[in-house]
Amino acid sequence: MSQMPRQAALPKCPSCAEPVEPGDLFCGACGYDLSVVPAPPQDHPTLPMTGAAAPGDGTDRPAPGPGDPVPAADPPGPGAGGAGPHGQEPGDEGSAGSGVRFDRPAEPDEYPLQAPDPRPAAPARLCVACRTGRVDDDGYCENCGHAQPRERDHLERETGPVAAVSDRGLRHHRNEDAFAVGHTTLPDGTPAALAIVCDGVSSATRPDAASLAASRAAGDTLLAALPRGTHPQAAMHEAIVAAAHAVNALADEPATAREHAPHQNAPACTIVGAVVTSGLLVVGWVGDSRVYWVPTDRTAPPARLTEDDSWAAQMVAAGLMSEAEAYADERAHAITGWLGADAYELEPHTACFRPDRPGAVVVCTDGLWNYAETAQEMSEVVPPDAATRPLHGAQVLVGHALDGGGHDNVTVAVLPFPAPSQGAGSA
């Protein structure tokens, strides 16, 4: 069926929206003057954010009717004469009050990449457990999965003819041992090697700080005294005294700090050391860390060169108990001598020896000798090449303690003792 053509819709009054006939000059409903109807607005998708409305900005503002007040002219603004924002002149893009800026620099087609770091990559770390696998960024071995220790949990150092290794062990949450190793020359050009090992007293406050301060002070004192010509035994005595002063200084806290922590006691540690020169071996100690002599010729007898400052040693010295019975007692490791502000009295022990054959000097804490107590037991676990490979020897001894249970921190220093010069006798 055919459809009737639709009649075009009549225009509407812009004031009251009533239909008007084409050619009408005034609206029949409200009298609006149709001769001033504004031109249709232009389509501008972006509306101005600031400034006065400009013609064609999309705002439907009806023209004033008869009798309406004529609004005052808008003051000149951006795009309405005069310079626009940022020094724009009339006619510039964006000067018509649109609020859009066109003065931003164009985006680059490509962004430059950061230059590579010119510093060389750090060398790969090897696992301390299997010694073959690489350590990843998370601190685990890629070969055996062993978690790597923190910096002080496992330390190794080799300098000249002496080396030392320290390990946290398998039961303690931190390493309270510390060591210092070094080598120098005497005034006559004779080489000298030294090692200091300190064991923090766990029942004291900050035992790790005490052992570190003591080892550093003692090592620095020996390295300064020996080149001046101080006899090694006198230098060892000075080193122990300097270590004691360093530990005592840790207890010099403000009175307010002691008031807030009255239960804390002074930091404390033990100390043992050895100096090796041509034909002379000097040892010094306070506490229960030890020095062992292990000759390269294992047919010769080894020896323990120190006596413990401990309850067990006192029982044995007094003849009240055998060594086996004393060290089996739970009070065996109660020390009677240590470095610290609350020590009874500082009594450094020193001794000199002149071995008649080459060998290795083992300086260690009780974390090792608990698993090799007698001199014979220690000689059995010291590698035969310890005098020529001191770092390897220290690593093997620390491994022996860990394999035995690692109940305590373990620190070992190994110093080779050279063959005496022709004609040197024994003391």
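This is a predicted model: local features need pLDDT of at least 70, side-chain atom pairs count only at pLDDT 80 or more; totals for chains, interfaces and linings use all residues.
Arg131 belongs to the segment before E1 and Glu156 to strand E1 itself, so the pair ties together parts that are 25 residues apart in sequence. Both ends are partly exposed: Arg131 has a relative accessible area of 40%, and Glu156 has 32%. Arg131 also has a positive phi of about 60 degrees, although it is not a glycine. Most residues other than glycine have a negative phi.

A salt bridge also joins the side chains of Asp153 and Arg168, at 3.4 Å from N to O. Asp153 lies in the segment before E1 and Arg168 in the loop between E2 and E3, so this pair connects parts that are 15 residues apart in sequence. Asp153 is buried, with a relative accessible area of 7%, whereas Arg168 is partly exposed at 25%.

## The E1-E2 hairpin

Strand E1 covers residues 154-159 and strand E2 covers residues 162-167; they pair in the antiparallel sense over six bridges. One of the bridge pairs is Glu158 with Ala163 in E2. Two residues stand between the strands of this hairpin, and Gly160 takes a positive phi near 60 degrees there.

His154 is part of strand E1. With a relative accessible area of 15%, His154 is buried, because buried means under 20%. The side chain of His154 makes a polar contact of 2.6 Å with the side chain of Asp167.

## Helix H1 and its surroundings

The 19 residues of H1 should span 27 Å at 1.5 Å a residue, and the end C-alpha atoms are 27 Å apart, which agrees. Buried residues of H1 include Pro207, Ala210, Ala214, Ala218, Thr221 and Ala225. The buried residues of the helix pack against strand E3 (177-185), E4, helix H2 (232-249), strand E5 (268-277) and strand E9 (339-340).

Arg206 lies in the loop between strand E4 (191-200) and helix H1 (207-225). Arg206 has a positive phi of about 50 degrees without being a glycine, and it is partly exposed at 34% relative accessibility.

Asp208 forms a salt bridge with Arg174, their closest N and O atoms being 3.7 Å apart. This pair links distant parts of the chain, with Asp208 in helix H1 and Arg174 in the loop between E2 and E3, 34 residues apart. Salt bridges that share partners join Arg174, Glu176 and Asp208 into one network. In total, the structure holds 10 salt bridges.

## Nonpolar cores

The largest nonpolar core has 30 residues, and those with the most contacts inside it are Val362, Cys364, Leu368, Met378, Leu397 and Val412. Helix H8 (residues 390-403) supplies the largest share of this core, five residues. Apart from this core lies another, of 27 residues, with Ala180, Leu186, Ala214 and Ile271 among them.

Beyond residues up to four places away in sequence, Met378 touches Tyr292, Val294, Val362, Cys364, Leu368, Trp369, Ala372 and Leu397.

## Val291 in strand E7

Val291 lies in strand E7 (residues 290-295) and counts as buried, at 0% relative accessibility. The C-alpha atoms of Val291 and Thr306 are separated by 5.9 Å, with the two residues 15 residues apart along the chain. Leaving aside neighbours within four places in sequence, the contacts of Val291 include Val272, Gly273, Val283, Ala303, Thr306 and Val362.

Technical notes:
Residues are numbered from 1 along each chain as its sequence is written. Side-chain values use heavy atoms; hydrogens and water are left out. Two strands pair if DSSP finds at least two bridges between them. Helices (H or I, at least four residues) and strands (E, at least two) are DSSP runs, numbered from the N terminus. Buried means under 20% relative accessible area, exposed over 50%, partly exposed in between (1.4 Å probe, protein chains only). A polar contact is a pair of N or O atoms within 3.5 Å; within protein, one must be able to donate a hydrogen and the other to accept it, and residues adjacent in sequence count only if both atoms are side-chain atoms. A nonpolar core is a set of buried Ala, Val, Leu, Ile, Met, Phe, Trp, Tyr and Cys residues joined through side-chain atoms within 4.5 Å. Contact means heavy atoms within 4.5 Å. The expected span of a helix is 1.5 Å times one less than its number of residues. A salt bridge is a side-chain nitrogen of Lys or Arg within 4 Å of a carboxyl oxygen of Asp or Glu.
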